[in-house]
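Student: I'd like to learn how to read a model like this one. Could you walk me through it?

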Amino acid sequence: MGKKGQIIKIAKGTMTDIATGDINYYAKNINTYAAISVNETGKQGVFFGSPEAAAIEKPTLEKFEFVVFENNVFKTTKEADATRPEMPSINDITAEEEEKPKKCRIEFSVANSVINNGTFGFDKILPNYKNLIKSTPQNLENDIQNLENEYNSFDVEGEKYFPPWVSIRVNQTIVLKIDDTFHRKDEYQNVAFEDHIDFSFRYMKGSREVTDILEANEVHITCKANNESPNGTLIKVKADGVDAGAINIWHPAPKAINLQWYFVEISGNEKDQDALDDKLELGNLSRLLEKGLNPALIDINITNNTANIVDITAENPRLKREGILKSSTNHKYIESNRKEDFVATVRNKHVAQNNIITLYLVNRSCLVTGDMGEDGGQFNVVAGFSPTGTGIAYGILDDKKSLQDTAVMHEIMHAMGLRHTFSSLAIHTFKDKKTKNYMDYNRTKKYTWKWQWARLHTYQHLL
Ligand SMILES: [Zn+2]
């Protein structure tokens, strides 16, 4: 039934091999073709070996009974021999290969610059999310499920697939990198996104446009219309009609917010103003806010070119007397446990409009007396304090020469309603300092997640 070194078995219907003992196949190549299905049953098991193994124990046809189920009739080996086709025809092979599970899984990623610059929103489920969720033993399963539900998962190749979220504006073109796993590329006729009226797709290999994902290493997606649904738009990639991947697209009409920024003068004689001027000017404030809020499809309009001043110099002696402002060998600082009193002092001098974001920048550390490093060394810097959802943000620029710009973005996101990633009041709660999210405590804040985009987008004073 085939050439030396090769076993080929063919059935037009279902192929069934039954043996009371073992079934042993020895060949360099074993090919089994059946139009319906193949069942091989051995009482001891079915073994496949190399031709070398065959030399030790030579199997013969007599060792097992060969039963073929063909046209609804069981046939013995001899009967089957008479009708068994010699070699598979082209049609038989095609029919068989369509039934064999194919391997085609398309994952998407983006260039680092997309994340670092906030070119568009890209939120892919964290690879180790199950370990990063902060929960209780009784709620863990449920919390994992809630997080997974954000990504509209489905099965690809028998494994869960989580389409990433992207955010995009009308007429914007975003570039996704394609990481593909193909069983065999030449088995596929067409691997491509499903058509969608709101989007156009171009598949690129370098600078050359190609016809489908099979050839491409990038896909360029252009948005043509908004969709206000918080569920966004799920678009699948099909490999010859079978699910092979997808993206979730969030594309509501962008919104805007106005922002005014202030320097708080504590020391007098424009000392704080001068120091803050050196750390932050309109250009870098504008850039840091834009890259943080663009993924949430929010434009920020800064209404004053240079910071306005809120002068609380006259309150300085009282603040010192009441233990709100303090001095140590290395720091002049705000006592962290009294920061509400500090905020009250600022608010007495300046009433913030409630339909804009107000950013107060303070050139003073915020520390806990007696905490490690009050006099230098290791200490916990409070980078700001912003009551959630009030539109008011306090940014501490303290004694550092360089601006911790992502901390300012963090404070403004608080002011617009976002919680810390590790807060039990957040939509999903993670262990702290484990992500690079803007709302985590870390030094490398760079992204936000889709449910945060949606939350920011519902901030009540957006235009
Ligand atoms: Zn915070």
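Tutor: Gladly! Let's begin with a term: two strands count as paired if DSSP finds at least two bridges between them. Keep in mind that this is a predicted model.

Student: What sort of elements does the protein chain hold, and how many?

Tutor: The protein chain has 12 helices and 28 strands. Of its 463 residues, 29% count as buried.

Student: In which order do the five strands of the open sheet lie?

Tutor: First the general idea: strands of a sheet pair through backbone hydrogen bonds, either parallel or antiparallel. Here the order is β10-β13-β20-β19-β15, with mixed pairing. β10 (121-123) and β15 (191-193) stand at the edges with a single partner strand each, so one side of each has no neighbour in the sheet. From one strand to the next, the twist averages 20 degrees.

Student: How do β19 and β20 run, and how many bridges join them?

Tutor: Strand β19 (residues 233-239) and strand β20 (residues 242-250) run antiparallel and are joined by seven bridges. To find the pair on screen, look for I235, which stands opposite I247 in β20.

Student: Now a helix, please. Which residues of α10 are buried?

Tutor: A residue is called buried if 20 or more other C-beta atoms lie within 10 Å of its own. In helix α10 (residues 339-349), that applies to F342, T345 and V346. Viewed down the axis of α10, these buried residues fall within an arc of 95 degrees, so they line one face of the helix.

Student: Which exposed residues does the face turned away from the buried side carry?

Tutor: That face of α10 carries E340, A344 and N348, which are exposed.

Student: And what covers the buried residues of α10?

Tutor: The cover includes β21 (255-265), β23 (308-311), α9 (316-321), β25 (332-335) and β26 (357-362).

Terms used: Residues numbered from 1 in each chain as written. Predicted model: local features only at pLDDT ≥ 70, side-chain atom pairs only at ≥ 80, totals over all residues. Helix = DSSP H or I, 4+ residues; strand = E, 2+ residues; numbered from the N terminus. Buried ≥ 20, exposed ≤ 12 C-beta atoms within 10 Å, placed from the backbone. Axes fitted to C-alpha atoms, helices over the stretch in contact; angles between N-to-C directions. Arc of directions from axis to C-beta. Contact = placed C-beta atoms within 7 Å.
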